[in-house]
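Student: I have a model open and would like to learn how to read it. Can we go through it feature by feature?

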Amino acid sequence: MTARRFPTPLPRLLHPAAWWVWAVGLAVAASRTTNPLLLALIVAVAAWVVVERREIGATNPLVPFLLIGLFAIGLRVVMVALLGGGVTGRVVLFRLPEVPLPAWTSGVRLGGAVTLEGLLAAVYEGMRLAAILACLGAANALASPRRLLRYVPATLYEVGTAVVVALTFAPQMVEDAARVRAARRLRGHSGRGMRELGRLAVPVLVGSLERSLSLAASMESRGYGRVVRRTATSTRLSGMLTVAGLLGVVVGLYGLLDATSPVLLGVPMLVAGVLSAAGALAVGARRDPRTRYRRDPWGAPEWLVSLTGLVPAAAMSLGTAFSWPGIVPQQVPAALPPVPLGIVASIAVAALAGVLSPVPPLLARSREAVA
Amino acid sequence: MIEFDAVGVSYVGDDASAEAGSSTTVFSDATFRIPEGELVLVVGPTGSGKSTLLRCINGLVPHFSGGTLHGVVTVAGRDTRTHRPRDLADLVGFVVQDPMSSFVTDTVEEEIAYGMEALGVDATAMRRRVEETLDLLGLADVRGRPLRDLSGGQQQRVAIGAVLAAGPRILVLDEPTSALDPVAAEDVLATLNRLVHDLGVTVVVAEHRLERVIHHADHVILIRDGEVSGLLDPAEAMVSSPIYPPIIGLGRALRWSPLPLSIRDARRRAGEVRDTLAALPPSPALAAGTGGDAVAAVEGLSVRRGSTVALRSVSLAVCRGEVVAVMGRNGAGKSTLLSGLVGQVRPTRGTVRLGTLDPVGAEPADIVRRAGMVPQDPSLILYAESVADECAAADRDFGLRAGTTASVLAHIVPGLDPAQHPRDLSEGQRVSLALAVILASEPAVVLLDEPTRGLDYAAKRRLVELLRSLASRGHAVVLATHDVELAAEVATRVVVLAEGEVVADGGAAAVLAGSPAFAPQVSKILHPLHFLTVDQVVAATGAAS
């Protein structure tokens with residue numbers, strides 16, 4: 001019955017923007033809390049959705065992002081133990097030999113007492129960063145930024161192309177360097193050491209320069225930048241709107257993610273930025289004759305996935321605004337943080353994305369083969 | 001369709017020329033008219049301006065490359081002086097020599113759609129045309145694959161498809177098959193032929209390996225010493241062309257008129273010759289290696305790269321005086337075998353020996369005394385600012401007496417300007433310079449990876465002579481090549497690799513003559529007789545008359 005009323009979507013790739021909205025929503029939620037249980041839950045949700053909906057053959061940057069997160073936690077703990085943090089706790093775990101510093105360095109110390117509260121605070125802060133990284137890793141795994149680049153607004157088309165070309169060039173340069181180094185060995189050199197590195201640079205640079213020229217010739221003869229019917233005024237207007245919009249979005253996101261900045265820098269700035277960017281898009285696109293091949297559709301699953309990502313962000317922001325208990329757990333004295341059920345439920349909503357989104361085609365095929 | 005009216009191209013003198021401000025003329029006074037639906041072949045020696053001529057057609061010369069264009073080039077009524085290449089993109093598709101360097105996106109489908117996106121083809125029509133193009137070029141099963149993972153032939157077909165999808169009436173290709181193995185090349189050329197015959201597309205091709213294309217051509221344009229001929233009949237053009245494939249060489253030697261261009265025509269003409277030759281006593285085979293101890297050997301060599309097995313238990317021993325041609329399709333493991341011999345890849349299993357030295361983990365300086373390799377792109381081992389510096393650097397690198405490399409170079413190509421920058425040399429001269437650098441320390445084994453890429457027949461002939469003299473002086477030569485004609489000329493032994501395994505290993509005549517893909521033209525014409533080159537036939541018939 002239910003299956004008929006809510007048919008599961010046919011296997012296809014979800015619009016990359018939907019995944020990014022979802023992941024950024026989760027990241028915003030993570031940035032608002034230091035409750036380790038909630039953060040662990042967010043990472044678990046991100047990881048589960050990646051396991052459920054990552055296309056076969058896509059790279060999985062989630063693991064390296066998680067490793068960087070662990071490293072961030074460790075680094076933070078070590079720094080706090082060595083230099084002391086903002087939290088002065090009562091339960092002293094052990095004492096490191098302290099280096100006396102002059103009086104003007106008040107607040108900074110080297111060595112000394114290491115407290116349980118201080119360490120826990122460091123772990124929580126580290127976990128917050130790790131959770132945000134995990135969300136970004138999940139977005140990368142679910143929809144590669146390269147796919148997202150296809151949706152840059154027409155006004156930013158040139159920038160988008162440049163980024164795509166750069167993404168292709170970087171691995172080619174690495175390959176070139178390996179080849180030049182191998183050739184260096186043919187001349188009887190080991191290809192190691194600083195002087196050798198200098199020797200390698202010239203052929204690699206010359207090679208990539210030649211390739212750039214040949215790519216430019218190819219793009220030119222395939223009609224790149226051919227019929228830009230934009231007038232000077234509209235170009236200038238859309239350019240200004242784009243820059244203003246991007247600035248707005250960046251500042252707005254910063255305001256949202258940094259809980260200490262004034263409220264005005266948050267949502268209102270973001271909305272203004274998005275509106276301005278949309279204006280630029282409209283002005284630029286109106287006169288842009290280029291067409292795009294095979295755009296991913298934006299349908300019900302895209303709306304649902306984006307919404308499920310935004311729910312925890314909204315809940316967490318509300319919670320911060322009204323200082324709900326459990327979002328920022330108390331740290332002195334150390335206590336088991338409470339579990340706010342409402343927030344947990346909102347994070348669980350984000351996990352629904354792993355069910356509501358369509359299964360990627362290759363993954364669907366392999367699952368059928370297994371079944 | 002394409003009209004050249006008294007067209008010439010010249011560049012204002014660069015710093016290399018004696019007086020500043022003087023100009024170098026690439027070619028001048030080219031006048032011809034290419035009608036619609038023709039396949040026209042541009043023929044000329046290396047550096048004669050073939051690429052420049054092709055680039056005039058879509059306006060890359062002078063809009064992109066600079067230089068001065070004299071005269072008028074009109075393409076379907078559009079003057080290239082007032083139309084930039086991008087304005088001609090819907091009319092002329094341009095395919096460059098190295099497809100990988102022309103790709104803008106990273107998957108097959110997106111690359112094919114790219115040109116249409118730039119031209120603003122509407123989304124539905126674009127979708128349909130991408131599908132049609134995928135089918136037309138036989139790329140449907142690789143549509144989602146990253147371009148870097150494709151084979152050379154597939155990449156070349158994607159490059160053709162990418163310009164073709166935009167619906168041009170003219171296709172211009174600069175050496176489309178020079179990097180391809182014979183089978184992949186045949187694939188690409190068959191595709192071109194189909195475009196001309198089924199869709200009436202006008203195709204202009206420049207190609208060094210005439211043996212692959214001449215029989216497809218409707219007309220030929222000859223470029224020599226800055227002079228451009230009009231549209232010539234291929235058979236007539238070949239009578240006087242400075243560069244010609246073996247089939248024409250055979251025809252000229254036997255004074256056939258008109259010259260046959262395809263193997264089929266030549267076989268029909270060759271009945272009499274075949275009878276004469278069959279009656280002769282068998283000619284002595286090319287001197288095989290002197291035998292004795294192997295100077296380079298691999299034993300049960302396997303190399304794994306990620307999930308693919310590049311080489312699978314290959315055993316091979318190369319003796320002094322041998323010239324071994326390693327053949328096989330793109331990606332069969334030829335280059336891996338060569339790199340393995342100089343210790344650049346670590347064997348997964350098996351052993352490599354250069355005389356008594358194990359190159360794996362050996363000091364590069366020890367390896368180069370025993371085995372020297374010229375890589376596929378010879379400029380990779382050239383670093384200096386001038387030819388003279390390069391030679392001096394090589395003397396230092398190998399600890400030789402000053403001037404050794406220079407004298408080796410003088411022996412290979414006399415009269416190379418020592419002040420020239422290695423990058424300004426022609427392809428053939430650059431190969432020679434790289435060879436001189438490698439040969440200076442007199443390694444027992446000389447390895448060459450695709451040495452004839454971009455070489456015309458004259459440069460190839462010099463290379464063949466050089467390799468023969470090396471072999472006669474006791475060096476062992478190993479070359480990885482797609483060029484069956486080169487293998488036929490110079491190899492004493494041919495090793496064919498497929499999927500990393502040795503599938504054939506034997507005398508050149510036996511291996512090459514028996515294979516449909518790797519048989520040289522002369523062998524195809526005179527089958528079942530075991531003749532591989534024009535010289536052999538001439539020697540035999542000369543003795544007969």
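Student: Let's start inside. Which residues have the most contacts inside the largest nonpolar core?

Tutor: The general idea is that in soluble globular proteins, nonpolar side chains tend to be buried together. A nonpolar core here is a set of buried Ala, Val, Leu, Ile, Met, Phe, Trp, Tyr and Cys residues joined through C-beta atoms within 7 Å. Buried means 20 or more other C-beta atoms within 10 Å of a residue's own, exposed means 12 or fewer, and partly exposed is in between, with C-beta atoms placed from the backbone. In this predicted model, the largest core has 189 residues, and Val42(B), Ala487(B) and Leu512(B) have the most contacts inside it. Helix α16 (residues 427–439) of chain B gives the most to this core, 8 residues. Another core, apart from that one, has 60 residues, including Val43(A) and Leu356(A).

Student: And what does Leu512(B) touch?

Tutor: Two residues are in contact if their C-beta atoms, placed from the backbone, lie within 7 Å. Leaving out residues up to four places away in sequence, Leu512(B) touches Val484(B), Ala487(B), Ala488(B), Val494(B), Phe518(B), Ala519(B), Pro520(B), Ser523(B) and Leu532(B).

Student: How many helices and strands does chain B have?

Tutor: Helices (H or I, at least four residues) and strands (E, at least two) are DSSP runs, numbered from the N terminus. Chain B has 21 helices and 19 strands. Of its 545 residues, 53% are buried. The radius of gyration, taken over C-alpha atoms, is compared with a globule rule of 2.2 Å times the number of residues to the power 0.38. For 545 residues a compact globule would come out near 24 Å, and chain B has 24 Å, so the two agree.

Student: Where is pLDDT under 50 in chain B?

Tutor: pLDDT is the predictor's confidence in each residue, from 0 to 100. In chain B it stays under 50 over residues 15–20, while the chain averages 85. For the complex, the predictor gives an ipTM of 0.82 and a pTM of 0.77.

Conventions: Residues are numbered from 1 along each chain as its sequence is written. Chains are lettered from A and ligands numbered from 1 in the order in which they are written. This is a predicted model: local features need pLDDT of at least 70, side-chain atom pairs count only at pLDDT 80 or more; totals for chains, interfaces and linings use all residues.
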